[in-house]
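Me: I would like to learn how to read a protein model feature by feature. Could you take me through one as we look at it together?

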Amino acid sequence: MEGKFFSPWPPFLILLILSSIGSLRTTHSQQSPAYMGFLSNATEFPAEDYYDYIVVGGGTAGCPLAATLSEKFRVLVLERGGVPFGDPNLMNRDGFLTALTEVDAYESPAQAFTSEDGVPNARGRVLGGSSAINAGFYSRADPDFYARSGINWDLPTVNQSYKWVENAVVFRPDLNNWQSAVRDALLEAGIYPYNGFTLDHIVGTKIGGSTFDNSGHRHTAADLLRYSNPSNIKIVIHATVERILLASKNSNPRTQSEAIGVVFRDRTGQYHHAMVRDGGEILLCAGALGTPQLLLLSGIGPRPYLASWGIPVAHHSPYVGQFLYDNPRNGISIVPPVPLDHSLIQVVGITSSGTYLEAASNIVPFTSPARPAFIRSRSPGGSSTYITVATLMEKIVGPASHGSLRLASTDARANPRVRFNYFSNPSDLDLCVNGTRRIGHVLRSRAMEDFRFHQWFGGREFRYVGPPLPRDLSSDARLREFCRRTVTTIWHYHGGCLVGRVVDGDLKVIGIDSLRVIDGSVFTVSPGTNPQATLLMMGRYFGLKLLKERAR
């Protein structure tokens, strides 16, 4: 059901979970970003216009892609949401929770959805995409990702593209007391060596990069638009692309159609046509939900399924919307005996056994008739009471379990129906057991002692928020049950347009000319600990690739 965010979890736990994907901001610059100079509302777009490249989705990959292509060609970016600039809930650290809880069906920067597995989730609907609402952690893909992805990568250009992104929007975070303790505990738990601060994916414990600077200001994919050629790029916001326009093509025996443009709707309901010039392409960057949904609405998908919706079949592509993945997240939350500073993901433990451990600490409102020692008031009068909650979580690699995406309606603004089938593959459950056991080892470390409460009759214990970790860490059965019972999302869903099934190694849609998919929907596995770095790099990389192709 579209509308206000709903979750079966207790409100207190919702605050904690939502804060894990939120933004890390305190201040924002009053100076308008460069992209405001070439941005317009969809209502101002003519009935029809022509471009060399049309980028559908101004998100994590779409923004660096468009900026790069604008060096030589006329580029149009169509973004269904608005802009992050000027929104204090997006651009300030203290506003992240509000941005993620005050959601609606069609306008809010964060669009909530719940999978058919019953797990609440979210997606970005704003210029910058999910880079404007996520936890800001930045870490490059694991080395195996490039071979496993099926994409034709040139590794020197990959590294060059990473550095281009990192010079603009990536910072070294300052660790607070919780993140420092977690770093020490990971090492005590045997996740070593200590690799210090690094953006590379290396087994051991490390401090990763952040897209939040030291003042708490978030830097998103939209910041990369400052490298655009202003005379060659146009960004149109509040533009909902309804379908891709295709034309028959007889000159290429391997393809039956070519993409020639898109139809999009503005906020008043008026339709507009954006068309590509000869030699140009339509580049889908709408994400793991938006891209397969748009292909289906355009008649590109399984013939019987499209027919059941009354959608004319433009191209039979049986795997559109199939093989949709989401990495499950499991972990624990505790209330410490002393206040902690607010922090999102900064430290990660990369194991050699297929799991990654991360941590966060969040200050959330709390109301209680009695005021225990671990609650503090932020106002002199004591009217606003806050409590600190600390989390340890694990993400499994892959995953092997997969589900699918289906249309919920023919309205492109509506969320599709998705099912991820968490732990349907037993290997994923085995990895979760290993990761959960690692969390137990971390909790038993000396570095975690200060976060236990003294008991009346001696001893010290953690005070859990939500389900505690099983005491018997040797019992696989108890840990499996814990994994199934506490599964949530880490917001790293991907797939739905896989390489080799929907697109080729150059991300061209198989069977259709002038159409590519450049986003996480092509991934078979999540790249490393967090996908943000890889998606930002991917946009720059394929921009450079297309420039080289056109120069031949």
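The dialogue below goes through cores, strands, charged pairs and rings in turn.

Me: What kind of model is this, and how are residues numbered?
Reply: This is a predicted model, in which local features need pLDDT of at least 70 and side-chain atom pairs count only at pLDDT 80 or more, while totals for chains, interfaces and linings use all residues. Residues are numbered from 1 along each chain as its sequence is written, and side-chain values use heavy atoms, with hydrogens and water left out.

Me: Which residues touch the most other members of the largest nonpolar core?
Reply: In soluble globular proteins, nonpolar side chains tend to be buried together. A nonpolar core here is a set of buried Ala, Val, Leu, Ile, Met, Phe, Trp, Tyr and Cys residues joined through side-chain atoms within 4.5 Å. Buried means under 20% relative accessible area, exposed over 50%, and partly exposed in between (1.4 Å probe, protein chains only). The largest core has 104 residues, and I54, W153, L225, I235, I282, L515 and M538 touch the most other members. Helix α12 (residues 532–551) gives the most to this core, with 9 residues. Helices (H or I, at least four residues) and strands (E, at least two) are DSSP runs, numbered from the N terminus. Another core, of 28 residues, lies apart from it and includes V182 and V347.

Me: What is L225 in contact with, beyond its neighbours within four places in sequence?
Reply: Contact means heavy atoms within 4.5 Å. With those neighbours left aside, L225 is in contact with Y35, F38, C63, A67, L127, I233 and I235.

Me: And T60, is it buried or exposed?
Reply: T60 counts as buried, at 12% relative accessibility. T60 sits in the loop between β2 (48–56) and α2 (62–69). Leaving aside neighbours within four places in sequence, its contacts include G128, A221, Q532 and L536.

Me: Which strands does β17 pair with?
Reply: Two strands pair if DSSP finds at least two bridges between them. Strand β17 (residues 328–335) pairs in the antiparallel sense with β21 (residues 385–396) over 6 bridges. It is also joined by 2 bridges to antiparallel β27 (residues 488–489), and by 2 bridges to antiparallel β26 (residues 463–464). R329 stands opposite K395 in β21 and has T488 as its bridge partner in β27, while I334 stands opposite Y464 in β26. Of the 8 residues of β17, 7 are buried.

Me: How many residues lie between β4 and β5 in their hairpin?
Reply: There are 5 residues between them, and G118 in the turn has a positive phi of about 90 degrees. The two strands run antiparallel, with 5 bridges joining β4 to β5 (residues 120–124); Q111 has R123 as its bridge partner. Because 4 of the 5 residues of β4 are buried, this strand is largely enclosed by the rest of the structure.

Me: How many salt bridges does the structure hold?
Reply: Side chains of opposite charge can pair when their charged atoms come close. A salt bridge is a side-chain nitrogen of Lys or Arg within 4 Å of a carboxyl oxygen of Asp or Glu. The structure holds 24 of them. In one, E107 and R267 meet at 3.0 Å, N to O. E107 lies in the loop between α4 (96–101) and β4 (110–114) and R267 in the loop between β12 (257–265) and β13 (271–284), so the pair ties together parts 160 residues apart in sequence. E549 forms another with R516, their closest N and O atoms being 2.6 Å apart. This pair ties helix α12 to strand β30 (residues 515–517). R516 is buried at 0% relative accessibility, whereas E549 is partly exposed at 23%.

Me: How many aromatic pairs are found, and how do I read one?
Reply: Rings of Phe, Tyr and Trp (its six-membered ring) pair if their centres lie within 6.5 Å; planes under 30 degrees apart count as stacked, over 60 as edge-to-face and the rest as tilted. A search of the whole structure finds 17. The rings of W164 and Y227 have centres 5.2 Å apart and planes at 50 degrees, so the pair is tilted. Ring pairs also link F145, Y146, W153, F523, Y541 and F542 into a cluster.
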